[in-house]
Amino acid sequence: MNKPLPINLIDFNIGVGKGKPLTINGEKRSCPFCNVGTLTDIIDTKEDMIFLKNKYIVLEPSDQFVLIEGADCNSDMNLYTPEKMTSLISFGISHWLKLWETGKYKAVLFFKNYGPLSGGTIHHPHMQIVGLPVIDPDLMFSTDEFEGIPVATESGVEINVATRPRIGFSEINILVKKQFTASDISSPQAYETLSALAHYIQSSVTFLKDFFKRENFSYNIFFYLLDGCIRVKLLPRFATSPLYIGYSIHLKPTNLADTAEKLRTYI
Ligand SMILES: [Zn+2]
């Protein structure tokens with residue numbers, strides 16, 4: 001007989017979830033991230049970016065944080081200057097690594113939801129960091145999900161198109177070969193690597209938005225630490241395949257080489 005598959009199961013507080021503001025589908029409500037004066041529990045700021053505690057702690061137990069990417073509600077990563085993009089990635093990674101280094105958590109998640117199919121509820125460009133004290137990190141991802149058709153390499157950063165996608169279709173992986181601590185992030189040595197990483201993330205977002213030309217295009221970006229090295233995964237989001245939802249069957253598109261070729265022209 002089939003053995004139960006080990007999984008991570010975490011409590012989601014429905015009462016808290018119901019109170020969350022929703023601005024993702026163009027609802028005419030005021031955006032909480034535009035009303036900077038009303039924000040509380042701000043931890044750090046850099047240029048027009050704000051890192052603060054999330055008001056709505058839905059995951060239990062957890063510590064949840066929000067990184068507001070800038071003042072412009074309708075902007076996104078494909079529209080930032082390269083300098084702004086590097087600054088954002090450095091700011092986010094330094095806070096993410098700082099939380100890892102507290103030793104309080106089994107895992108610290110760092111991710112971005114963009115668009116109505118991404119799972120996000122707020123339209124204003126932002127990222128999230130979540131510290132989880134009770135979780136089995138070995139069940140969160142596997143090394144082979146970061147393997148793929150090579151697209152480019154620069155300053156110790158590699159980009160590929162996944163050949164073992166976590167869900168299906170075109171998933172883009174970015175692999176940083178060097179290890180960093182939170183205090184390394186502001187060093188001149190780290191700058192070259194982080195700007196290459198920021199460039200690859202930005203190019204991938206631009207590519208995905210061009211490639212899947214549609215209104216309400218949605219995507220996720222996930223950051224991982226694998227043996228101390230940063231891994232990033234970008235996924236376009238659609239209605240999730242029933243084969244995956246019902247049967248855990250991952251879909252590998254037959255045009256991966258073509259996707260890698262097209263992505264290369266954006267780098
Ligand atoms: Zn806003």
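Tutor: The chain has five helices and 12 strands, where helices (H or I, at least four residues) and strands (E, at least two) are DSSP runs numbered from the N terminus. Bear in mind that this is a predicted model: local features need pLDDT of at least 70, side-chain atom pairs count only at pLDDT 80 or more, and totals for chains, interfaces and linings use all residues. Residues are numbered from 1 along each chain as its sequence is written.

Now for the crossing you asked about. Helix 2 (residues 82–101) and helix 3 (residues 188–211) have axes that come within 8 Å and cross at roughly 110°. Those axes are lines fitted to C-alpha atoms, for helices over the stretch in contact, and angles run from 0 to 180 degrees between N-to-C directions. That makes helix 2 roughly perpendicular to helix 3; angles of 65 to 115 degrees get that label, while under 35 is roughly parallel, over 145 roughly antiparallel and the rest oblique.

Who does the touching? On the helix 2 side the contact is made by Pro82, Met85, Thr86, Ile89 and Ser90, and helix 3 brings Leu194, Ser195, Leu197, Ala198, His199, Ile201 and Gln202. Contact here means that the C-beta atoms of two residues, placed from the backbone, lie within 7 Å. By class, this contact has seven nonpolar, five polar and no charged residues. For that tally, Ala, Val, Leu, Ile, Met, Phe, Trp, Tyr, Cys and Pro count as nonpolar, Asp, Glu, Lys and Arg as charged, and the others, Gly among them, as polar.

Some of those names come back in the largest nonpolar core. This core has 56 residues, and those with the most contacts inside it are Ile89, Ile129, Ile174, Leu197 and Ile201. Its largest share, nine residues, comes from helix 3. A nonpolar core is a set of buried Ala, Val, Leu, Ile, Met, Phe, Trp, Tyr and Cys residues joined through C-beta atoms within 7 Å. A residue is buried if 20 or more other C-beta atoms lie within 10 Å of its own, exposed if 12 or fewer, and partly exposed in between. In soluble globular proteins, nonpolar side chains tend to be buried together.

Zoom in on Ile201: leaving out residues up to four places away in sequence, Ile201 touches Met77, Ile89, Ile174, Ile221 and Val232.

Step back to the whole chain, and 34% of the 267 residues are buried. Of the contacts between residues at least 6 apart in sequence, 67% join residues at least 24 apart. The radius of gyration is 18 Å, which agrees with the value near 18 Å for a compact globule of 267 residues; it is taken over C-alpha atoms, and the globule rule is 2.2 Å times the number of residues to the power 0.38.

A few backbone spots are worth a look too. Glu60 and Pro61 are joined by a cis peptide bond, with omega about -5°, and Pro61 sits in the loop between strand 4 (59–60) and strand 5 (63–68). Asp41 isn't a glycine, yet has a positive phi of about 55°; its place is in the loop between helix 1 and strand 2, and with 10 C-beta neighbours inside 10 Å, Asp41 counts as exposed. Phe169, also not a glycine, has a positive phi of about 65°. Phe169 lies in the loop between strand 9 (157–162) and strand 10 (172–179), and counts as partly exposed because there are 19 C-beta neighbours inside 10 Å.
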